[in-house]
Amino acid sequence: MVATIESAEEDAVGQQGHDESALLEVEGLSTYFFTRDGVVRAVDDVSFSVAAGETVAVVGESGCGKSVTSLSIMGLLQTPPARIVSGHIKLQGRDLLTLPESEMRKVRGNEISMIFQEPMTSLNPVLTIGRQIGETLVLHEGLSEKEAESRAVELLRLVNIPEAERRVREYPHQLSGGMRQRVMIAMALACQPKLLVADEPTTALDVTIQAQILELMSDLKQKTGSAIIFITHDLGVVAEMAERVVVMYAGKKVEEAPVVDLFERPRHPYTAGLLDSVLKLGSSSGERGKRRLNEIPGTVPSLKDEIVGCPFAPRCSYATDYCRTDAPVLEEKAPEHFAACFHSDQLAEQEN
Amino acid sequence: MTIGRIAPETETPLLEVENLKKHFPIRKGLFSRVVGQVYAVDGISFSVAPNETLGIVGESGCGKSTAGKAILNLIKPTDGEVKLEGKRIDNLSGAKMRSVRKQLQVVFQDPYSSLNPRLRVGEIVGEPILNFDSRNRHAREERVIELLERVGLPADAAKKYPYEFSGGQRQRIGIARALALDPKMIVCDEPVSALDVSVQAQVVNLLMDLQQDLKLSYLFVAHDLAVVEHISHRVAVMYLGKIVELSDKHSLFSDPLHPYTEALLSAVPQPSPRRKPDRIVLKGDVPSPINPPKGCRFHTRCPYAFDRCYVEEPPLREVEPGRQVACHLHDDAEGTKGPSLPS
């Protein structure tokens with residue numbers, strides 16, 4: 001097992017030179033849902049890239065399009081109502097959107113795999129853990145059922161499940177939530193993917209279990225060298241796991257920066273507002289009642305109506321007239337730090 | 001003022017909970033024989049003073065929501081007493097409990113399932129008034145509008161249906177309904193955990209403003225430690241049906257005494273990328289409340305457990321004024337505070 005993982009790492013490094021530096025490039029991705037009530041622009045012209053071995057977090061609140069982005073990458077959107085109306089998703093230079101389904105199946109679970117939020121609904125309740133982990137190995141690596149099972153045991157050990165030989169024959173309902181998420185991770189890692197897409201992998205878990213899973217994911221990343229796209233709404237998790245962060249709002253990418261820059265010098269008022277409204281443990285050690293939380297007024301706009309101007313303008317304290325008529329484009333405000341805002345500099349001054 | 005309230009013993013508590021237990025029988029077989037019990041809440045005691053917020057935190061299955069429901073008498077407690085303003089309410093019949101409900105209200109977690117989708121917001125918020133108050137229709141409608149404005153919704157919200165509102169606005173509707181009868185105490189069961197962070201802040205601010213203006217008491221049940229820290233005066237930490245630590249907010253969060261509290265606090269990811277977590281990662285899962293471990297219930301996961309913890313259950317006792325903890329490490333009878341906790 002260990003040997004194969006090491007070779008995967010070499011692979012990933014070797015492949016890196018093959019294309020530029022990016023493992024995955026998402027370019028101008030627009031995913032719309034065509035519903036009876038109209039067109040929902042769930043993801044609207046979003047671009048970002050992930051280098052080999054890098055962890056990129058995609059953050060935003062419900063309905064910002066972060067999960068639809070991940071499903072678009074995986075090719076798991078239900079069509080109709082969803083349709084990718086424009087853009088490219090390139091894995092090592094190969095555009096996944098042009099691949100026929102039969103080719104995409106060879107990519108999915110093999111080169112890119114995914115961890116979902118709800119480990120109970122994403123595991124098959126009538127198959128044993130071993131069968132489910134083994135399935136990808138039989139499919140992609142042509143192992144026999146028997147070989148697949150022994151590999152499944154190794155994988156369960158890798159994700160620190162005790163008594164792996166026994167657990168491999170158990171069903172999902174016999175495991176706790178944390179264990180199930182470990183099984184999901186084992187499944188995702190079975191074929192040593194180059195890219196792991198983790199969609200809110202710890203949101204359904206308790207904090208002490210979340211701590212275990214985050215620790216496990218960091219460990220495994222060290223061992224396997226997979227790149228990770230970490231989709232989450234939890235800024236604490238972002239701060240801990242990510243190297244680079246993409247912030248989404250109303251289907252658009254509004255900011256992208258290395259993690260420390262983003263937290264310390266946000267260049268988009270939405271990011272700044274989000275960071276202000278999040279509660280930090282131990283921060284209210286002073287007198288209660290004196291401090292009000294900073295809130296972002298109002299609510300997220302409906303994605304059914306075409307948004308004129310900056311989507312955040314109605315909730316933004318920096319907004320001026322032209323914010324309501326012209327949409328700001330994403331610009332590099334500082335090295336490697338992009339934001340789509342006319343008032344970035346004013347915000348940066350204020351923050352200082 | 002309510003700031004920094006730490007000594008509720010000095011005045012008559014509004015709510016007193018004494019050795020509250022709720023066990024759910026497990027039935028099996030043809031004759032539904034009782035084959036076991038789920039010890040969901042297994043003897044908890046605390047009090048809440050007027051105008052105070054007591055937070056109850058813990059992970060799934062620790063019994064915090066069950067405790068809330070048992071206090072509200074929505075489920076019958078197995079044992080123990082619940083007193084509101086000195087009068088027992090846990091043994092009241094449905095009809096007698098009705099009059100208590102005016103004093104004791106609830107806000108639920110899910111703003112989607114806790115509002116009747118077929119009623120207009122005005123009817124939802126006005127329903128408690130209709131049930132308990134003999135005001136005429138006009139006065140009732142006025143009161144509804146007053147309540148809606150109080151929670152930051154426009155007056156014309158009364159004519160709309162719940163589906164027309166976002167999650168945060170629905171939670172405001174739920175709060176307006178809870179306020180309709182001028183209660184003294186509101187049990188908030190995870191009121192902000194279904195909401196996005198930016199909206200969470202709005203609702204937390206609203207709850208705190210209402211407390212100040214209306215002199216409310218809250219029992220605030222939640223799993224989010226940062227939210228509980230922000231809103232509470234005192235905090236109780238539950239593990240497997242028991243309170244393991246109960247203390248004023250400041251001491252609990254800055255200097256946790258129980259190893260579980262300590263681990264829980266260290267497990268929360270902090271939104272500061274430079275500070276890499278110095279974390280105590282607990283091994284294993286929470287044991288089942290059907291068959292809780294003997295001795296201290298936390299000993300199976302406790303990094304400091306010693307022989308006594310396996311056999312003897314530590315009672316919740318006061319170790320410093322206003323600070324209660326159930327842990328042998330803080331047992332004064334040993335003459336020390338036990339093996340010192342590595343920090």
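Modeller: Let us begin with B:S232, which is buried because 25 other C-beta atoms lie within 10 Å (buried means 20 or more other C-beta atoms within 10 Å of the residue's own, with C-beta atoms placed from the backbone). Please keep in mind that this is a predicted model, where local features need pLDDT of at least 70 and side-chain atom pairs count only at pLDDT 80 or more, while totals for chains, interfaces and linings use all residues. Residues are numbered from 1 along each chain as its sequence is written, and chains are lettered from A and ligands numbered from 1 in the order in which they are written.

B:S232 sits in the loop of chain B between α7 (225-231) and β9 (234-239); helices (H or I, at least four residues) and strands (E, at least two) are DSSP runs, numbered from the N terminus. Beyond its neighbours within four places in sequence, B:S232 is in contact with B:T53, B:L54, B:G55, B:F220 and B:K249, contact being C-beta atoms, placed from the backbone, within 7 Å.

Stepping back to the two chains, 41 residues of chain A are in contact with 41 residues of chain B. On the chain A side, α8 (207-224), α9 (235-241), α10 (259-264) and α11 (269-277) each supply at least two residues. The largest share, six residues, comes from α8(A).

Note on methods. A residue is buried if 20 or more other C-beta atoms lie within 10 Å of its own, exposed if 12 or fewer, and partly exposed in between; C-beta atoms are placed from the backbone.
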